[in-house]
Amino acid sequence: MSSATPALPPSLCTKGSLSSPHNISKTDLNSFVKISDPGGFKWRLVIAYDGTKFAGWQYQESPPTVQSMLEKALTQITKLQRKELHLVGAGRTDAGVHAWGQVAHFVTPFNYTSLDSIHSALNGLLPQEIRVREIGAAVPEFHARFSCRSKVYRYQIYSDTFMDPFQRHFAYHTAYKLNACKMREAAQHFVGKHDFSAFANATREDGVPDPLKTISRFDVIEMGSLLQLEVEGSGFMYRQVRNMVALLVQVGKEALDSDIVPMILETKDRRELAKYTLPAPPHGLCLVSVKYKEDHLQLPPDSPLTSFGRHHTITKCKLPFY
């Protein structure tokens with residue numbers, strides 16, 4: 001890498017707005033180095049969001065999506081065009097679906113020596129429903145979507161006579177008292193490698209996706225009136241999780257027996273599932289985490305430390321004692 005004086009850096013956020021080039025400090029100048037390598041540098045983000053107000057993850061100008069808001073903040077900070085960032089997410093969550101551990105990557109033609117400032121700037125520009133939990137350097141081989149080994153989704157159901165108002169945006173309400181034991185028994189039929197064609201809604205985006213998916217676990221956890229259905233798999237087809245949950249709810253109501261799961265799986269026909277249930281609503285679903293190959297999570301040489309955010313500290317109490 002050249003030791004020449006670096007080019008003018010992307011502006012950093014100051015009190016919610018971008019600073020002008022004249023206000024950039026020497027510290028800001030030292031936070032990155034401009035390079036001519038066409039391959040650039042790759043950065044990994046871990047993102048949490050309340051999906052209630054967004055039309056899903058995938059980019060579109062209107063209504064707003066999580067990706068569009070993130071790209072808007074990144075273009076302001078890096079001064080790069082949207083297409084130059086090449087922002088890619090691990091999963092394209094639907095409208096109303098939440099995430100605690102969504103993962104994305106983007107690229108820049110320059111390197112950062114510290115990530116705390118860009119991390120703080122991102123969260124300063126993003127709406128309060130979206131937060132970058134972590135930002136770190138990534139090896140060239142890392143890809144947020146294709147390096148994925150497995151994903152963990154959680155669906156929450158509030159099973160009681162009335163809905164807890166504090167859960168209304170994050171859990172599906174049913175006034176039925178669900179039989180968690182029956183649901184747990186039925187969920188185990190999903191575990192293993194199966195053709196999930198019967199549990200996937202049609203989509204035009206991916207052509208003909210591979211319907212063979214491996215589910216490594218499907219847990220049904222009781223927490224009082226709240227039921228958490230947590231599933232981990234190698235990948236999921238469009239609306240697959242919500243369709244699986246919807247069938248388990250029917251089993252929990254004791255309207256169907258647990259052996260309905262292998263029977264519908266065997267048909268490989270989405271119309272068969274439609275005879276028994278509609279997809280569960282999106283607001284109960286959350287992308288909890290995305291797991292990757294270990295070698296793809298290694299920090300590249302000469303990269304800055306991963307930023308998990310900065311705590312504010314004071315050296316002495318500023319309030320007088322009486």
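The count of aromatic pairs comes to 9, where rings of Phe, Tyr and Trp (its six-membered ring) pair if their centres lie within 6.5 Å, with planes under 30 degrees apart called stacked, over 60 edge-to-face and the rest tilted. Please keep in mind that this is a predicted model, in which local features need pLDDT of at least 70 and side-chain atom pairs count only at pLDDT 80 or more, while totals for chains, interfaces and linings use all residues. Residues are numbered from 1 along each chain as its sequence is written, and side-chain values use heavy atoms, leaving out hydrogens and water.

Tryptophan 43 and tyrosine 112 form an edge-to-face pair, at 5.5 Å centre to centre and 70° between the planes. Tryptophan 43 lies in strand 4 (residues 41-49) and tyrosine 112 in strand 7 (residues 110-112), so this pair ties together parts that are 69 residues apart in sequence; strands here are DSSP runs of E, at least two residues, and helices runs of H or I, at least four, numbered from the N terminus. The rings of phenylalanine 110 and tyrosine 112 are also edge-to-face, with centres 5.5 Å apart and planes at 80°. Ring pairs link Phe41, Trp43, Phe110 and Tyr112 into a cluster. Phenylalanine 110 is buried, at a relative accessible area of 2%, and tyrosine 112 is buried at 4%, where buried means under 20%, exposed over 50% and partly exposed in between, for a 1.4 Å probe and protein chains only.

Finally, leucine 70 touches, among others, Trp57, Leu87 and Val132, not counting residues up to four places away in sequence, contact meaning heavy atoms within 4.5 Å.
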